[in-house]
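Hi everyone, thanks for coming. Let me put the model up, and then I'll walk you through it.

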Amino acid sequence: MSDIQASNASESDSATDPLPEKKKPNGLPRALLALAIGSAGGFLFAYLRLPLPWMMGAMIATTICSIAGVNIGLPSKVRMAMVAILGVMLGSAFSPSLLDHIGKWAISVTGLLVYGIVALFLVLLFLRRYARYDPVTAYFSSSPGGLNEMVIVGKAMGGDERIIALTHASRILIVVMIIPFMFRMFGGYHPQPGMLPAGSGFDLPAHEWALMVGCAVIGPLIAMRLKLPAAPLLGAMVLSMAVHLTGLSKSAPPSMLIAAAQVVLGTGVGCRFAGTAVSEVLKIIRTSFGASVILLVTAVGAGFLLQDITGLPWYVLVLAYAPGGLAEMSMVALGIGQDVAFVATHHLFRIAFIVILAPLAFRLIRRWF
């Protein structure tokens, strides 16, 4: 578990590598091969004008190769660097005018807490009765997020860390694959005219580059010092948010850099399955598919219930509730032209609810388990 505890490298849903230390692919050749496969998948998806191409293409290509037995892996430091860039990009979505709207999000944030409790209970029943997970493993596998924390606490409470990690990793994979296509069918999404995501070029003023680099470096260091969850992403995002809310900066990272970060993020998801037996991966993916359907159906139901109250379209609320990871869902929001700040803020609350309340709730109901 040393790597899991030390990583805290990405969003709570998406940082942990569930493979034991002795089986983890490592080394420069494997990392270069993983990035080459991920880049090829991203380019193919972008050429075909599929939703969120650079992340989804990389994710699917490396997942297929991992399950096929290709020895690939991605060092946590590479993921941390690119996740920090994504944090800067997410923070740039918070403009000064946004402060006028934050108060209106209280209802949807409250609904998010109710959704999390209902979704956890339904998935817990599914994993116990259908997948036959033991009670502790089922509980920590059923939370709609918080991969890092659920693996660490779940192991300490007697659960199977490998199954918890792979179940969460499969959930992220499935949700990120479904959501963009759902938006394409029901949410009025149209692909970007070019192959790269929306963004600026590299010809930014020197002071803008200095602010972005400062957010990407200083923010994660402060967050790690404070031992916050998802430190690289959260630290860079919060500092970038402060810089943009105060009007010191109005720029976001260049589109090519965002595409590269998406490739690394997608590649990291796919590499989680490296070194795992095909039968085990397929079994857990099958189980996670059922759990993901429950989570998404619950999120869609919450979206329809809240759209008249909040005045927001149901599919935007689904994106804010969907348990696919802060970085991943924010990238989906960016790729399909939705409110990144709204989505990112709700996922931050989701992580906080899960990290704080899920372990406490487990201790209260432990006798029942």
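A quick word on confidence first: pLDDT is the predictor's confidence in each residue, from 0 to 100. Here the chain averages 79, and 83% of the residues score at least 70. Over residues 1-26 pLDDT stays under 50, although the model has 90 contacts (heavy atoms within 4.5 Å) beyond four places in sequence for them.

Some housekeeping: residues are numbered from 1 along each chain as its sequence is written. This is a predicted model, where local features need pLDDT of at least 70, side-chain atom pairs count only at pLDDT 80 or more, totals for chains, interfaces and linings use all residues, and side-chain values use heavy atoms, with hydrogens and water left out.

Now, the inside. A nonpolar core is a set of buried (under 20% relative accessible area, 1.4 Å probe, protein chains only) Ala, Val, Leu, Ile, Met, Phe, Trp, Tyr and Cys residues joined through side-chain atoms within 4.5 Å. The largest one has 91 residues, and Phe-140, Ile-179, Leu-319, Tyr-321, Met-329 and Met-331 touch the most other members. Helix H8, residues 161-186, gives the most to this core, with 11 residues; helices are DSSP runs of H or I, at least four residues, numbered from the N terminus. Another core, of seven residues, lies apart from it, and Ala-236 is among them.

How many of them are buried? The count is 11 of 15, including Met-237 and His-244. After H10 comes Gly-247, with a positive phi near 80 degrees.

Key:
Buried < 20%, exposed > 50% of the residue type's maximum accessible area, 1.4 Å probe, protein only. Helix = DSSP H or I, 4+ residues; strand = E, 2+ residues; numbered from the N terminus.
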